Amino acid sequence: MLPSRWRKAQRQLDLTTPFNFVSTADTIGGNSGSPVLNRAGELVGINFDRNRHGLVRNFVYTDEQARHIAVHSRGVLEALRTLYEAKELVKELTGE
């Protein structure tokens, strides 16, 4: 269930905006909230969690199981603009 603020603003949100994604990464417990960068060094998201199979990475790393879940940076900006009306914060984060 979405919070009431999200439900009320649903028509104002751009629902094509990416909200989250998974990727291969070597994360561990305690990495939640860490920045996720692309190959160009650009911020593309915020680490949220890893899949349950990733727990074995405490002992052995494999590309096949090293998956993590992240909140997409565009989803964060869309929420800040539309739901929380934090336009000044968006300007600061985007360098506008």
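**Close-up views of a predicted model**

**View 1. Asn47 and Ala70 mark the pairing of S3 with S4.** Asn47 has Ala70 in S4 as its bridge partner. S3 and S4 run antiparallel and are joined by five bridges. Two strands count as paired if DSSP finds at least two bridges between them. Helices (H or I, at least four residues) and strands (E, at least two) are DSSP runs, numbered from the N terminus. The model is predicted: local features need pLDDT of at least 70, side-chain atom pairs count only at pLDDT 80 or more, and totals for chains, interfaces and linings use all residues. Residues are numbered from 1 along each chain as its sequence is written, and side-chain values use heavy atoms, with hydrogens and water left out.

**View 2. Four strands form an open sheet in the order S1-S4-S3-S2.** The pairing is antiparallel. S1 and S2 (35–37) stand at the edges with a single partner strand each, so one side of each lacks a neighbour in the sheet. On average, neighbouring strands are turned by 45° against each other, direction ignored. Axes are lines fitted to C-alpha atoms, for helices over the stretch in contact; angles run from 0 to 180 degrees between N-to-C directions.

View 3. Five bridges join S1 to the antiparallel S4. Here Val22 stands opposite Ile69 in S4.

View 4. Buried means under 20% relative accessible area, exposed over 50%, partly exposed in between (1.4 Å probe, protein chains only). Just after H2, Glu85 takes a positive phi of about 50°.

**View 5. One aromatic pair is found in the whole structure.** The ring centres of Trp6 and Phe19 are 5.9 Å apart and their planes stand at 85°, so the pair is edge-to-face. Rings of Phe, Tyr and Trp (its six-membered ring) pair if their centres lie within 6.5 Å; planes under 30 degrees apart count as stacked, over 60 as edge-to-face and the rest as tilted. Trp6 lies in H1, and Phe19 in the loop between H1 and S1 (20–24), 13 residues apart. Phe19 is partly exposed, at 42% relative accessibility.
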